[in-house]
Amino acid sequence: MGIIWMLIVGGIIGWLAGLLTGRDVPGGIIGNIIAGFIGSWLGGLILGSWGPVVGGFAIIPAIIGSIILVLIVSFILRKMGQKKNHGHHAK
């Protein structure tokens, strides 16, 4: 049950981060889970682990870290998209 619970909580954290930033996390459910895991690690590095802990995640730092991650990823993807589309005209 532990791993499944962590995947669910990680997915919810990633989904919340996407919802709060108004950006879709690429990769759907898997992307949300990855964003939740990496975001919680990032949030733990920056903020430590305080507040309520659910499924091994310190929820508040995890959500803040995931929001930072989603913003960074969407910024990078937008820049890459601009590079790809730059100079090409859609018909």
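Leaving aside neighbours within four places in sequence, with which residues is Asn 32 in contact? Asn 32 touches Gly 10, Gly 11, Gly 14, Trp 15 and Val 25, where contact means heavy atoms within 4.5 Å. The model is predicted, so local features need pLDDT of at least 70 and side-chain atom pairs count only at pLDDT 80 or more, whereas totals for chains, interfaces and linings use all residues. Residues are numbered from 1 along each chain as its sequence is written, and side-chain values use heavy atoms, with hydrogens and water left out.

The protein chain has three helices and two strands, arranged along the sequence as α-α-β-β-α. Helices (H or I, at least four residues) and strands (E, at least two) are DSSP runs, numbered from the N terminus. The C-alpha atoms fill a box of roughly 50 × 25 × 15 Å along the principal axes. Of the 91 residues, 33% count as buried; buried means under 20% relative accessible area, exposed over 50%, and partly exposed in between (1.4 Å probe, protein chains only). Of the contacts with a separation of 6 or more, 57% come from residues 24 or more positions apart.

Asn 32 lies in helix H2 and is buried, at a relative accessible area of 13%. Other buried residues of H2 include Ile 33, Gly 36, Gly 39 and Leu 42. The 20 residues of H2 should span 28 Å at 1.5 Å a residue, and the end C-alpha atoms are 27 Å apart, which agrees; the expected span is 1.5 Å times one less than the number of residues. Gly 48, with a positive phi near 75°, follows H2.

One aromatic pair is counted. Rings of Phe, Tyr and Trp (its six-membered ring) pair if their centres lie within 6.5 Å; planes under 30 degrees apart count as stacked, over 60 as edge-to-face and the rest as tilted. The pair consists of Phe 37 and Phe 57 and is edge-to-face, with 5.3 Å centre to centre and 85° between the planes. Because Phe 37 lies in helix H2 (residues 28-47) and Phe 57 in strand S2 (residues 57-58), the pair ties together parts that are 20 residues apart in sequence. Phe 37 is partly exposed at 30% relative accessibility, and Phe 57 is buried at 4%.

Ile 67 belongs to helix H3 (residues 59-85) and is partly exposed, with a relative accessible area of 21%. Beyond its neighbours within four places in sequence, Ile 67 is in contact with Ala 17, Leu 20 and Thr 21.
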